[in-house]
Amino acid sequence: MRFSQFAGILGCTTAAFISIAPIQVEAATFKVISGVTSIDRDHEDILRNIGLRLTGSNNTVAPIPSNYLVGFNIDSATSFMFSDEGSFTPLSGTLEHTGSVTFNDQITVGEFSIAFAPGRTTKDASGFVLRDTISLNTILFDLSIPEPIAFDGENLTIPDVKLLISPEFAAILQNSNLAGLFAGTARIDAQVAAVPEPDSVLATLAAGAALLATRFLTQKTKCT
């Protein structure tokens, strides 16, 4: 088959498919690519009251806003995706972080991973959890994700996330009564990128086929 025929068939077939396919306005999908998760100073005060004193940190960053206690970079290993349906709908993946903190010069936790954990959704907890991956390798806090969440297509801000001590962390601290206790506030400031939808790929294919056909026909005209 000659190239002009192939390009013409591809362009016509794609155009025909697009013309008969129903036009729908669908929610877009986005992936977190970078950012900072910050912990407010109330976290330090509350943990001090249960015997955990912050005595060091490593590889942390400036928090957002600046009056918060500490920030943790969102790492490139992050795979968290969400849609803008209903302004913000989590879909899949995890938020991975760098950096660690040490309490009482003995317990170092960090390289935190935030993910959804089935079965942990309650009236106070969203089902998302914060897990330490350095030493304890367990869920430290259940998270609440309240409104309002700010999203402008490029930046996602989730403020006032409540940290609730997990049953697992309470067991490590040898005090089951601590489970569910409010342990401070976190905030997520992330940069995101749109994830191409199948329709977008199809549109790109159609445009490419049309361009190739036009260029070939133009060159053929010049040569004849």
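## Close-up views of a predicted model

**View 1. Phe82 and the residues around it.** Setting aside neighbours within four places in sequence, Phe82 is in contact with Ala28, Thr29, Phe30, Val32, Phe88, Thr89, Pro90, Leu91, Phe151, Leu156 and Val192. Keep in mind as you look that this is a predicted model. Phe82 also belongs to the largest nonpolar core, which has 37 residues. Which members of this core touch the most other members? They are Val32, Phe82, Phe141 and Leu143. In soluble globular proteins, nonpolar side chains tend to be buried together.

**View 2. A cluster of phenylalanine rings.** Ring pairs join Phe30, Phe80, Phe82, Phe88, Phe116, Phe128 and Phe151 into a cluster. Across the whole structure, a search finds ten aromatic pairs. A pair of aromatic rings is described by two things, the distance of the centres and the angle of the planes.

**View 3. Phe72 and Phe112, an edge-to-face pair.** Among the ten aromatic pairs of the structure is this one: the ring centres of Phe72 and Phe112 are 5.1 Å apart and the planes stand at 85°, so the pair is edge-to-face. It links distant parts of the chain, since Phe72 sits in strand 3 and Phe112 in the loop between strand 8 (107-110) and strand 9 (113-116), 40 residues apart.

**View 4. Phe80 and Phe88, a tilted pair.** Here the aromatic pair of Phe80 and Phe88 is tilted, with 6.5 Å from centre to centre and 35° between the planes. Phe80 has a relative accessible area of 6%, so it counts as buried. Phe88 is buried too, with a value of 12%.

**View 5. Gly110 in strand 8.** Follow strand 8 to find Gly110. This glycine is buried, and its relative accessible area is 0%. Leaving out neighbours within four places in sequence, Gly110 is in contact with Gly99, Ser100, Asp132, Thr133 and Ile134.

**View 6. A cis peptide bond at Pro65.** The peptide bond that joins Ile64 and Pro65 is cis, with omega of about -5°. To locate Pro65, look in the loop between strand 2 (54-58) and strand 3 (70-73).

View 7. Asp160 is not a glycine, yet its phi is positive, near 55°. You will find Asp160 in strand 13 (residues 155-165). Its relative accessibility is 44%, so Asp160 counts as partly exposed. Gln174 is not a glycine either, and its phi is positive at about 60°. Where does Gln174 lie? Gln174 is in the loop between helix 3 (167-172) and strand 14 (182-195). With a relative accessible area of 75%, Gln174 is exposed.

**View 8. Stepping back to the chain.** The secondary structure comes to four helices and 14 strands. Of the 224 residues in the chain, 37% are buried. The accessible surface comes to about 12500 Å², and 57% of it belongs to carbon and sulfur atoms. Among contacts in the chain with a separation of 6 or more, 59% are between residues 24 or more positions apart.

How values were computed:
Residues are numbered from 1 along each chain as its sequence is written. This is a predicted model: local features need pLDDT of at least 70, side-chain atom pairs count only at pLDDT 80 or more; totals for chains, interfaces and linings use all residues. Side-chain values use heavy atoms; hydrogens and water are left out. A nonpolar core is a set of buried Ala, Val, Leu, Ile, Met, Phe, Trp, Tyr and Cys residues joined through side-chain atoms within 4.5 Å. Buried means under 20% relative accessible area, exposed over 50%, partly exposed in between (1.4 Å probe, protein chains only). Contact means heavy atoms within 4.5 Å. Helices (H or I, at least four residues) and strands (E, at least two) are DSSP runs, numbered from the N terminus. Accessible areas come from the Shrake-Rupley method with a 1.4 Å probe; for residues, only the protein chains shown count as cover. Rings of Phe, Tyr and Trp (its six-membered ring) pair if their centres lie within 6.5 Å; planes under 30 degrees apart count as stacked, over 60 as edge-to-face and the rest as tilted.
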